[in-house]
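Here is a friendly walk through one model, written for someone who likes to know the cut-offs behind each word. Have a look at the sequence and the structure first, and then read on.

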Amino acid sequence: MAVREILEFPDSRLRTVAKPVVQFDAALADLAQDMIETMYAAPGIGLAATQIDVHQRLIVCDVSEHHDQPLVLANPRILAQHGGQTYQEGCLSVPGIFADVDRALFVTIEAEDLSGKTIVLEAEGLLAVCIQHEMDHLQGKLFVDYLSPLKREMVRRKLDKRRRQAATA
Ligand code: NI
């Protein structure tokens, strides 16, 4: 098991549309375990395979207080959603940047677990935010895409500047 490198905005690989998971084997379980470890190490509350440059429809989330209840969803799809909420989101691929994003408050998700069994899950609040955010990654979409082009450009410049400072430090 290993902590993987997380791609950072504006890396074009984050724009890749992931393919459905079709093999529910040991390699998939290993990938999920690496994603969970990478998420905890960051630390973060969610990660999509896209962010570690694996383009399969697999996400992990853990919004529990003690980070000991990881949720793994393969091929997640939204069956129903309602209500609205605004949450100040961040993203491990856009480090240090936070911005308000509007999303559904309640979502009903259908997905496969690691054994390939179909599960249905109802999520609300932060878990609903997390799942919707991670599902966006699988489509090559980032939370900064909800911002105005001007704000997104400011984010890009801020990250550039921080990387330059880190390189010369
Ligand atoms: Ni993210």
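## The largest pocket

In what follows, Ala, Val, Leu, Ile, Met, Phe, Trp, Tyr, Cys and Pro count as nonpolar, Asp, Glu, Lys and Arg as charged, and the others, Gly among them, as polar. By that scheme, the lining of the largest pocket divides into 13 nonpolar, eight polar and two charged residues. A pocket here is an open set of points on a 1 Å grid over the protein atoms alone, where a 1.4 Å probe fits and protein lies on both sides within 12 Å along at least five of seven lines; lining residues have an atom within 4 Å of a point.

The largest pocket holds about 370 Å³ of space, a volume being the space filled by probe spheres set on the points, with grid points joined across faces, edges and corners. Of its 23 lining residues, I45, E89, G90, C91 and L92 are the closest to the centre. Helix α2 gives the most to the lining, with six residues, and β4 and α2 each supply at least two. Helices (H or I, at least four residues) and strands (E, at least two) are DSSP runs, numbered from the N terminus.

## How to read the values

This is a predicted model, in which local features need pLDDT of at least 70 and side-chain atom pairs count only at pLDDT 80 or more, while totals for chains, interfaces and linings use all residues. Residues are numbered from 1 along each chain as its sequence is written, and side-chain values use heavy atoms, with hydrogens and water left out.

## The nickel site

Which atoms coordinate the nickel ion? They are SG of C91, NE2 of H133 and NE2 of H137, at 2.1 to 2.2 Å. Along the chain, these donors follow the spacing C-x41-H-x3-H. Donors are N, O and S atoms within 2.8 Å of the metal (3.2 Å for Na, K and Ca); water is not among the atoms, so sites may look incomplete.

The two histidines, H133 and H137, sit in helix α2 (residues 125–138), four residues apart, or about one turn of the helix. Both are buried, where buried means under 20% relative accessible area, exposed over 50%, and partly exposed in between (1.4 Å probe, protein chains only).

E112 is part of strand β6 (residues 106–112). Is E112 buried or exposed? Its relative accessible area is 10%, so E112 is buried. The side chains of E112 and T118 make a polar contact of 2.9 Å. Setting aside residues up to four places away in sequence, E112 touches several residues, including F24, V72, N75 and R77; contact means heavy atoms within 4.5 Å.

E124, in strand β7 (residues 118–124), counts as exposed because its relative accessibility is 52%. Beyond neighbours within four places in sequence, E124 is in contact with L105 and F106.

## Backbone features worth a look

Most residues other than glycine have a negative phi, and most peptide bonds are trans. In this model, a cis peptide bond joins F9 and P10, with omega about 5 degrees, and another joins A42 and P43, with omega about -5 degrees. P10 lies in the segment before α1 (26–41), while P43 lies in the loop between α1 and β1.

D53 is not a glycine, yet has a positive phi of about 65 degrees. D53 lies in the loop between β1 and β2 and, at 33% relative accessibility, counts as partly exposed. The side chains of D53 and H55 are joined by a polar contact of 2.9 Å. N75, in strand β3 (residues 71–82), also has a positive phi, of about 55 degrees, and is buried at 9% relative accessibility.

Technical notes: A polar contact is a pair of N or O atoms within 3.5 Å; within protein, one must be able to donate a hydrogen and the other to accept it, and residues adjacent in sequence count only if both atoms are side-chain atoms.
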